[in-house]
Amino acid sequence: MRIDHVEGYLALSGKTKTYFATAVSLWDADFYVKVDDDVHVNIATLGQILSKHALKPRVYIGCMKSGPVLSEKGVRYYEPEHWKFGESGNKYFRHATGQLYAVSKDLATYISINKHILHKYINEDVSLGSWFIGLDVEHIDDRRLCCGTPPDCEWKAQAGNVCAASFDWRCSGICNSEGRIWEVHNKCAEGEKALWNATF
């Protein structure tokens, strides 16, 4: 899917709104998932996670976090509107990390309907979380959506706890993803037949 949007880090919140609005208009689905292109995803495992929440109307699923609001210009993830979050040193409200998250149909529809009035913070994951404050939304924190690359996801897979998504925290995705995606897949994949045998 291509959306009418200009790429750039400072435009990610707008891109997120456009994505959900476009996806809802094109497909009727229980969930809409946003995933970065440098994240390894096990589709069957992700589907199993989502299917457990399919009967809930307003669900926001991801690896929930609450990082510091950075008020110093020039640092990575600087928040120009830091003053809105209170005193220096405060943290953001809980929100899903931006590498992969899912929202239920009702929430994606809410974003689509209200896209023109939803506020955009500099960080796209913070913006998404802010759009649900004040709504009756169930936040699901599932750590299988934010596993590390090998050996982390490999050990978890060997123990029978397959990860749905794997990436390197220090790179906010798989470091050198073009060169390493097959390595991560070979060590952390859910198995060749998992998707074909999955029932949701």
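How many of the eight residues of H4 are buried? In this predicted model, the count is eight of eight, so to speak a helix that is mostly covered. The buried set runs through Glu124, Asp125, Val126, Ser127, Leu128, Gly129, Ser130 and Trp131. As for what does the covering, the list includes helices H1 and H3 (105-114), along with strands S1 (31-35), S3 (59-65) and S4 (95-104).

The axes of H1 (residues 12-26) and H4 (residues 124-131) come within 8 Å and cross at roughly 55 degrees, which makes H1 oblique to H4. The crossing is right-handed. On the H1 side, the contact is made by Leu12, Ser13, Thr16, Lys17 and Phe20, and on the H4 side by Glu124, Ser127, Leu128 and Trp131.

In soluble globular proteins, nonpolar side chains tend to be buried together. Here, the largest nonpolar core has 22 residues, and Leu46, Leu50, Ile61 and Leu145 touch the most other members. Helix H2 (43-51), S3, S4 and helix H6 (177-188) each supply at least two residues of this core. What does Leu145 touch? Leaving aside residues up to four places away in sequence, its contacts are Leu46, Ile49, Ile61, Gly62, Cys63, Leu100, Ala164, Ala165 and Phe167. Another core, of 17 residues, lies apart from the largest one, and Tyr32, Tyr60, Tyr101 and Leu118 are among its members.

Terms used: Residues numbered from 1 in each chain as written. Predicted model: local features only at pLDDT ≥ 70, side-chain atom pairs only at ≥ 80, totals over all residues. Heavy atoms only, no water. Axes fitted to C-alpha atoms, helices over the stretch in contact; angles between N-to-C directions. Helix = DSSP H or I, 4+ residues; strand = E, 2+ residues; numbered from the N terminus. Parallel < 35°, antiparallel > 145°, perpendicular 65-115°, else oblique. Left-handed = near helix turned anticlockwise from the far one by under 90°. Contact = heavy atoms within 4.5 Å. Buried < 20%, exposed > 50% of the residue type's maximum accessible area, 1.4 Å probe, protein only. Core = buried A, V, L, I, M, F, W, Y, C linked by side-chain atoms within 4.5 Å.
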